[in-house]
Amino acid sequence: MLRILLLAAFVLCGRCSEELPDKAQRVVGGTEVQPHAWPAQISLQYYSSGSWHHTCGGSLIRQNWVMTAAHCVDSNLNFRVVAGDHNIYQNEGTEQVFSVSKIIIHPFWNKNNVAAGYDIALLRLSGSATLNSYVQLAVLPQEGTILANNYPCYISGWGRTRTNGQLSSVLLQAYLPVVAYDICSSSSYWGSTVKSTMVCAGGDGVRAGCQGDSGGPLHCAVNGRYQVHGVTSFVSSLGCNVKNKPTVFTRVSAYISWINSVIAQN
């Protein structure tokens, strides 16, 4: 699951730690969130050796649909979704657990070239989540929305707190302002690796996404409400928090029509 992009970037799945233990990581430079501060955040887990393991994040976008990264679910594993969680190693009584009845990966996704984009997938759940103070639906942006350079956003996830570190037990967040496409695609940043259907955020060399954060949200407040503008996709192979190598996200506003179409047809 952990792949090198043009020898430049790593996707951020959590179970990469089992396959390539020297290259596994999470939210770097983050702080623990107030429990259930991001109630649309879910933990995507896979079954192995008699237990469930966190591998990626995701966002509950309908009561029976989750949005995550394509690279999180393009292998033949048994997945489940846990909503309403804070400490993934404790049963806090707020969790809702669902098996995944259908996985729909964007048809243009190429597992051998994450830098081509389309790193997005939708999961249909076996049941419908009950909405309460612990579990809520994510708000998605209007189609085509582009946020300005330095726009304030936050990443959240249970990923690793440092390059080659351990998964976080509790949900973390980190402030990652947007890096505009014209800057992020310049030669001193990501160059042509970054596409216009992606969002870059961070790059200060301190705070970043890391392995285990893939598929999770980039939250940005628009008109007083937090919207999920990004799906966590990849970071530099040199490490999670490399200066001028911002965390790269799939830009949700580029896929609104696809999301609506998939849900309507399924």
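View 1. Buried here means under 20% relative accessible area, while exposed means over 50% and partly exposed is in between (1.4 Å probe, protein chains only). A disulfide joins C153 to C220, with an S to S distance of 2.0 Å; the term covers a pair of cysteine sulfur atoms within 2.5 Å. The torsion about this S-S bond is about 110°, so the disulfide is right-handed. The pair links distant parts of the chain, with C153 in strand β10 (residues 153-157) and C220 in strand β14 (residues 217-222), 67 residues apart. Helices (H or I, at least four residues) and strands (E, at least two) are DSSP runs, numbered from the N terminus.

A quick note on what you're looking at: this is a predicted model, where local features need pLDDT of at least 70 and side-chain atom pairs count only at pLDDT 80 or more, while totals for chains, interfaces and linings use all residues. Residues are numbered from 1 along each chain as its sequence is written, and side-chain values use heavy atoms, with hydrogens and water left out.

**View 2. The link between C184 and C200.** Here's another of the structure's four disulfides. The sulfur atoms of C184 and C200 sit 2.0 Å apart, and with -85° about the S-S bond this link is left-handed. C184 lies in helix α2 and C200 in strand β13, so the pair ties together parts that are 16 residues apart in sequence. Is C184 buried or exposed? C184 is buried, at 0% relative accessible area, and C200 counts as buried at 2%.

**View 3. S192, out in a loop.** S192 lies in the loop between α2 (181-184) and β13 (198-201). With a relative accessible area of 63%, S192 is exposed. Its C-alpha atom is separated by 27 Å from that of Q227, which is 35 residues away along the chain.

**View 4. C56 and C72, joined by a disulfide.** The S to S distance for C56 and C72 is 2.1 Å. A torsion of about -90° about their S-S bond makes this disulfide left-handed. Both C56 and C72 are buried.

**View 5. L44 and the largest nonpolar core.** A nonpolar core is a set of buried Ala, Val, Leu, Ile, Met, Phe, Trp, Tyr and Cys residues joined through side-chain atoms within 4.5 Å. The largest one has 46 residues, and L44, I61, M67, L122 and I259 have the most contacts inside it. Helix α3 (residues 256-265) gives this core its largest share, five residues. What does L44 contact, leaving aside its neighbours within four places in sequence? Its contacts (heavy atoms within 4.5 Å) include C56, C72, F79 and L123.

**View 6. Strand β7 between its partners.** Four of the five residues of β7 (residues 79-83) are buried, so the strand is largely enclosed by the rest of the structure. Two strands pair if DSSP finds at least two bridges between them. Strand β4 (residues 41-48) pairs with β7 in the antiparallel sense over five bridges, and Y46 has F79 as its bridge partner. Four bridges join β7 to β8, again running antiparallel, with A83 partnered by Q96.

View 7. Four of the five residues of β9 (residues 121-125) are buried.
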